[in-house]
Amino acid sequence: MAAVGRSGQPPDRSTADPARTAHHGLTHRPCASHRSAAPAAVREEPQLNRDATPRRYLMCAPTHFRVTYSINPWMDPSKPVDLPLAQTQWEDLRDRYRSLGHTVELLTPRPDLPDMVFAANGATVIGGRVLGALFAYRERYEEAEAHREWFRDNGFTDIREPDHVNEGEGDFAVTASYLLAGRGFRSSPLSHDEAQEFFGLPVIGLDLVDPRYYHLDTALCVLDAAADEIMYYPDAFSPGSRAVLRRLFPDALLAREADAAAFGLNSVSDGRHVLLPQAATGLLDPLRDRGFEPVPMDLGELLKGGGSVKCCTQELRG
């Protein structure tokens with residue numbers, strides 16, 4: 001998943017060179033600090049039930065993954081990628097989804113597109129309708145057509161080629177009530193109106209201000225879409241956007257800096273299981289306290305490209 005730390009908005013197709021605009025119950029267990037806060041004999045622990053729901057995901061193997069350019073603060077061409085290790089880590093994620101009962105569809109990787117492994121960026125799918133991506137950078141521009149071809153070949157008929165820069169689920173997050181939409185480093189604010197008209201969902205624009213968190217999915221994760229439950233890192237957002245998030249999601253799980261920097265918000269939840277980078281250890285107990293079952297994953301090689309669990313995972317809704 002690629003990005004840069006720059007100010008201003010990404011170009012739109014109309015004003016820029018297109019080549020540059022591209023069922024299970026869970027018993028609540030308190031964390032250790034909570035257990036020590038009061039004698040066990042006087043504590044009554046609540047029973048929290050979380051239901052995992054089967055999901056359908058689109059992924060792309062890192063067959064041609066490499067870092068030969070830098071378009072986000074995490075990419076350093078001087079640090080070589082261990083491709084066999086990256087492949088093993090990606091396969092572990094794919095197999096874990098399947099072991100949890102989810103369907104994984106596969107997109108064919110292309111040799112000239114090393115970032116295709118970050119499949120979340122290629123489109124946003126809600127109710128079977130597909131809003132394609134328009135990438136901000138030349139290096140990823142052709143990925144959008146590869147995704148549209150896959151959708152056409154797999155029975156999707158309502159596919160929109162966008163007019164304005166958006167990078168799919170990198171900057172769009174779906175809850176029951178809203179379509180949360182990031183802006184500031186990649187996706188154009190104009191893409192928010194386009195998405196609202198296409199999906200008929202209220203879009204909430206959120207300004208990202210820290211170049212390390214250049215996509216919304218690096219700073220915010222939907223934990224339970226049906227319940228409008230999220231976790232996020234406040235300092236990745238502007239003051240106004242933080243205020244909006246507090247108002248809309250007063251009970252959100254707030255991540256600390258160390259876990260955000262470990263890409264802990266770049267996670268995927270099925271309503272019960274939360275697959276997240278294994279280095280984000282500070283999120284494990286808070287998630288368990290809310291009844292979720294964290295599933296730590298090692299995608300360290302893919303982080304060299306600026307992505308982790310969510311970046312590798314596009315959800316096919318409906």
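Strand β9 is mostly covered, with 5 of its 5 residues buried; buried means under 20% relative accessible area, exposed over 50%, and partly exposed in between, using a 1.4 Å probe and protein chains only. Strands (E, at least two residues) and helices (H or I, at least four) are DSSP runs, numbered from the N terminus. The model is predicted: local features need pLDDT of at least 70 and side-chain atom pairs count only at pLDDT 80 or more, while totals for chains, interfaces and linings use all residues. Residues are numbered from 1 along each chain as its sequence is written, and side-chain values use heavy atoms, with hydrogens and water left out.

What joins β9 to β10? The two strands run antiparallel and are joined by 4 bridges; strands pair if DSSP finds at least two bridges between them. Asp224 stands opposite Glu229 in β10. The two strands form a hairpin with 4 residues between them, and Asp228 in the turn has a positive phi of about 55 degrees.

## The nonpolar cores

A nonpolar core is a set of buried Ala, Val, Leu, Ile, Met, Phe, Trp, Tyr and Cys residues joined through side-chain atoms within 4.5 Å. The largest one has 35 residues, of which Leu220, Met231, Phe237 and Leu287 touch the most other members. At least two residues each come from β8 (203–207), β9 (220–224), β10 (229–232), β13 (273–277) and α7 (284–289). With 4 residues, β9 gives the most to this core.

Leaving aside residues up to four places away in sequence, Leu287 touches Leu223, Met231, Leu253, Val274, Leu276, Phe292 and Pro294; contact means heavy atoms within 4.5 Å. A second, separate core has 28 residues, including Val67, Ile71, Val165 and Val295. In soluble globular proteins, nonpolar side chains tend to be buried together.

## An open sheet and its helix

Strands β6, β7 and β8 form an open sheet in the order β6-β7-β8, with mixed pairing. The edge strands, β6 (172–174) and β8, each pair on one side only. From one strand to the next, the twist averages 25 degrees.

β6 pairs with β7 (residues 179–183) in the antiparallel sense over 3 bridges. The bridge partner of Phe172 in β7 is Ala181. Helix α4 (residues 190–199) packs on the sheet and touches β6, β7 and β8, its direction making about 160 degrees with that of β7. Such angles run from 0 to 180 degrees between N-to-C directions, and axes are lines fitted to C-alpha atoms, for helices over the stretch in contact.

## Aromatic pairs

The whole structure holds 10 aromatic pairs. Rings of Phe, Tyr and Trp (its six-membered ring) pair if their centres lie within 6.5 Å; planes under 30 degrees apart count as stacked, over 60 as edge-to-face and the rest as tilted.

Why is the pair of Phe151 and Phe156 edge-to-face? Their ring planes are at 90 degrees, with the centres 5.0 Å apart, so the pair is edge-to-face. Both Phe151 and Phe156 are buried. Phe198 and Phe199 also form an edge-to-face pair, 5.0 Å centre to centre with 65 degrees between the planes. Phe198 has a relative accessible area of 10% and is buried; Phe199 is buried too, at 12%. Ring pairs link Trp150, Phe151 and Phe156 into a cluster.

## The chain and Cys311

The chain has 8 helices and 15 strands. Of its 318 residues, 55% count as buried.

Cys311 lies in the loop between α8 (300–303) and β15 (314–315). Is Cys311 buried or exposed? Cys311 is buried, with a relative accessible area of 0%. Cys311 and Met59 are 252 residues apart in sequence, and their C-alpha atoms are 9.4 Å apart in space.
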